[in-house]
Amino acid sequence: MPGDTRYWGTTEWENHVQLLLKRKYRIPGTYQHVPDTNGDHGIEGYAIDGTAYQCYSAQYWTDSKSLYEKQRNKMTEDIGKFIANATELAKLLGSVKIKIWNFVVPYYSNKEILKHAKVKESLVRNTTVTHADKNFTVSVITEEDFLVERQELATAGLSSFDVSFQKVPQEALDEWLQSANNVSLISNLNSKALQIVGSDSGPKLTRFRLAIIRNYINGDIVLKQLERELPDTFRHVKALKDQKEADLDTETTTLTLVPSAMFNEILKSYHAQLSKAPGLSENATRTIANEAVADWLLRCPLEF
């Protein structure tokens, strides 16, 4: 589905989108942020190329239907403002004619919102407002339409890649455990888990092994998302992991710690390295660090 289900507050989302737009239209004067004092008149910014933007982050939605309904109602309201405030908008825009009205949302999952956009598009075309182009278009876009700008913000430390906690479904865990491709990985983990947790801790041992596998699966999902959304940051993270992995042989032979303490020390040190990488939230940093240590336990770069 387009976008990301990460929660955004209404003001937080608008502020973030404004940063993206100011990166997109980097030449001063090509983009104008429209403050919402006394109402936003259906746009929160426009570019001299005739593209307008209206941001919206739905709050407290529970499923695809409720998200669609909130987005539909907001689009209806804002297009209504865009028509009703024709006189003010004509003064604000001057010679600029709005050709594309972009409804910028974090995420959408129901194609009905695209159909509704076409209904509102026709509504505007059938009016006599002078600030809209005769071929006026309504589109629904997400942060995925600003991947270059998002990477620039992350590199500059003005934005961060964040992830919400996602529990690995039991069926995904079972599938991984039953895959023939993972037999040797599970065997590696079993022997190391005994060293880390101890042989006399049955239930604790099981919880540890399952936690490591969940960290590995969840981290892999997050890394693939990072590669799609922030490829430069992903390459930086991968280089850090490769370097840390290359250092593990020395670390594991020089650290005079019991396996449990060594495990915690390596996780802590790698987390500290990742935390210096620009563009990663604390949640993402923790998830990626957990994935790396899980991967090293499973494949054997981390030995005791």
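I began with a strand pair: β2 (residues 45–47) and β3 (residues 51–55) pair in the antiparallel sense, over 2 bridges. I looked for a facing residue there and found Y46 opposite A52 in β3. I keep in mind that this is a predicted model.

Next I traced the whole sheet. It is open, has 5 strands and runs in the order β1-β2-β3-β4-β5. The pairing is mixed. I checked the edges: β1 (31–33) and β5 (132–141) each pair on one side only. I then took the angle between neighbouring strands, which is 15 degrees on average, direction ignored.

I looked for what covers the strands. Helix α2 (residues 64–84) lies across β3, β4 (98–104) and β5. Its direction is about 150 degrees to that of β4.

Then I turned to the nonpolar cores. The largest holds 42 residues. Which of its members touch the most others? I noted F161, L226, L274, L280, I288, W296 and L297. I listed the elements that give two or more residues to this core: α6 (170–178), α7 (183–197), α8 (202–229), α9 (231–254), α10 (259–274) and α11 (282–299). Of these, α11 gives the most, with 9 residues.

Leaving out residues up to four places away in sequence, F161 touches R150, V222, Q225, L226, E229, L230, G279, L280, S281 and A284.

Last, I found a second, separate core of 29 residues. Its members include A52, V124, F136 and V138.

Definitions and conventions:
Residues numbered from 1 in each chain as written. Predicted model: local features only at pLDDT ≥ 70, side-chain atom pairs only at ≥ 80, totals over all residues. Heavy atoms only, no water. Core = buried A, V, L, I, M, F, W, Y, C linked by side-chain atoms within 4.5 Å. Buried < 20%, exposed > 50% of the residue type's maximum accessible area, 1.4 Å probe, protein only. Helix = DSSP H or I, 4+ residues; strand = E, 2+ residues; numbered from the N terminus. Contact = heavy atoms within 4.5 Å. Pairing = 2+ DSSP bridges. Axes fitted to C-alpha atoms, helices over the stretch in contact; angles between N-to-C directions.
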